[in-house]
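Here is a short briefing on one protein model.

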Amino acid sequence: MNLPNFDETALMDLLKELLMTPSPTGDTGKVLDLLKSELSEVSHLDTYQTPKGALMAEWLRGGSSPERGLTVHVDTLGAMVKQIKSNGRLSLSQLGGYPWNTIEGEGCSVQTADGKLIRGSILIDQASAHVHGKKVAETDRNQEHLEVRLDIRTTSAEETREAGIEVGDFVFFDPRVESNHGFIRSRHLDDKAAVACLVTAIRALNSSGLQPARSTLFHFSNYEEVGHGAAAGFPDSLQELVAVDMAAVGEGQNSDEFHATLCVKDSGGPYHRGLNQRLLQLAAEHGISHKIDIYPHYGSDGEAYWRAGGNVAVALLGPGVDASHNYERTHREALQATTQWILAYLLAES
């Protein structure tokens, strides 16, 4: 069977909209509302949210329970206000794992309890070269020294609190989305690139009048960046799960920004050999540009499900993303290949 066509422009537009919708771990409501709206156009889907907040969409065949699942995560890296300092600036607590230096100089927004956004920027506490000299280069980039300089008139904790900011408020990093010559660069391509691919594949099936070969559950996880996103919420009928997440590009890796990649092993060990082989066979049958790789410093939602006791075959694939957990970049060719691979899997009889 030939794979259905999909709207590549719509894929890129959806990805940009997802990237521009803040969704750090713990505050994913807006992006989930966006996805519910997108998926409402697919007549075959039954959507609901788990008590934990994950979005589930079932596409059932003949009333049977889901046998296959695909999981992507909507949550991203971010921060929360850890302390309001005596000078009115903010210290941060991380959401997800990233080196502190990767957010230095970034613009950000602090969301107050009443939903107001207050702009700011992330700098070290001794940022001026004309005042602090060598200390600017020598200062450790860590929680102690990085702070949010707010774009409001404040020189005290009291003035900052009067503006509505409090400990525990969420801090959104500017994504800085830009597209050039087929590349798209932005924060949070992990994992919004895969989310856009999955939604595009679902819509392509619907518009082509096709259905998945087997009853399928689509799982949009909201706690992946802190390690337990897909640990719960799957039915006992599930037999296999494909996690769709970024492929890590860098020195010593086989992945690149122009292919979809099958990760056969990460920090938690190898994925299911049988399911991997079936996915590779599908890629070969449909001429899907792909790579195979191993990631030494990586964990996925599929792995979280296994650790929680999930007794199913699990595989991991996704588009190549450069500079993961930093200012990331991918190419539309990797997004196209990932979407095709998802479609091939959904339509495969076995």
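**Helix α1 against helix α2**

Leu14, Glu17 and Leu18 of α1 meet Val31, Leu34, Leu35 and Glu38 of α2. By class, this contact of α1 with α2 has five nonpolar, no polar and two charged residues. Contact means heavy atoms within 4.5 Å. Ala, Val, Leu, Ile, Met, Phe, Trp, Tyr, Cys and Pro count as nonpolar, Asp, Glu, Lys and Arg as charged, and the others, Gly among them, as polar.

This is a predicted model: local features need pLDDT of at least 70, side-chain atom pairs count only at pLDDT 80 or more, and totals for chains, interfaces and linings use all residues. Residues are numbered from 1 along each chain as its sequence is written, and side-chain values use heavy atoms, with hydrogens and water left out.

- Helix α1 covers residues 8-19 and helix α2 residues 29-39; they pack at an angle of about 155°, with their axes 10 Å apart.
- Axes are lines fitted to C-alpha atoms, for helices over the stretch in contact, and angles run from 0 to 180 degrees between N-to-C directions.
- α1 and α2 are therefore roughly antiparallel to each other.
- Angles under 35 degrees count as roughly parallel, over 145 as roughly antiparallel, 65 to 115 as roughly perpendicular and the rest as oblique.

**Helix α6 against helix α9**

- The axes of α6 (residues 189-207) and α9 (residues 332-347) come within 9 Å and cross at roughly 50°.
- α6 and α9 are therefore oblique to each other.
- Their crossing, α6 with α9, is right-handed.
- On the α6 side, the contact residues are Ala193, Cys197, Leu198, Thr200, Ala201, Ala204 and Leu205.
- On the α9 side, they are Leu335, Thr338, Thr339, Ile342, Leu343, Leu346 and Leu347.
- The residues of this α6 and α9 contact divide into eleven nonpolar, three polar and no charged.
- Asp191 also belongs to α6; a cis peptide bond joins Asp190 and Asp191, with omega about 5°.

**Overall form**

- The protein has nine helices and 19 strands.
- Helices (H or I, at least four residues) and strands (E, at least two) are DSSP runs, numbered from the N terminus.
- The C-alpha atoms fill a box of roughly 65 × 40 × 40 Å, taken along the principal axes.
- With 350 residues, a compact globule would have a radius of gyration near 20 Å; the protein has 21 Å, which agrees.
- That radius is taken over C-alpha atoms, and the globule rule is 2.2 Å times the number of residues to the power 0.38.
- Buried residues make up 55% of the 350 residues.
- Buried means under 20% relative accessible area, exposed over 50%, and partly exposed in between (1.4 Å probe, protein chains only).
- Among contacts between residues at least 6 apart in sequence, 76% join residues at least 24 apart.

**Loop residues**

- His181 lies in the loop between β10 (178-180) and β11 (183-186). Its phi is near 50°, a positive value in a residue other than glycine. His181 is exposed, at 79% relative accessible area.
- Ala323 lies in the loop between β18 (313-322) and β19 (328-331). Ala323 is not a glycine, yet has a positive phi of about 60°. Ala323 is partly exposed, at 26%.
- Ala127 sits in the loop between β7 (117-124) and α3 (129-132). Ala127 counts as partly exposed, at 39% relative accessibility. Leaving aside neighbours within four places in sequence, Ala127 is in contact with His132 and Val136.

Definitions and conventions: Left-handed = near helix turned anticlockwise from the far one by under 90°.
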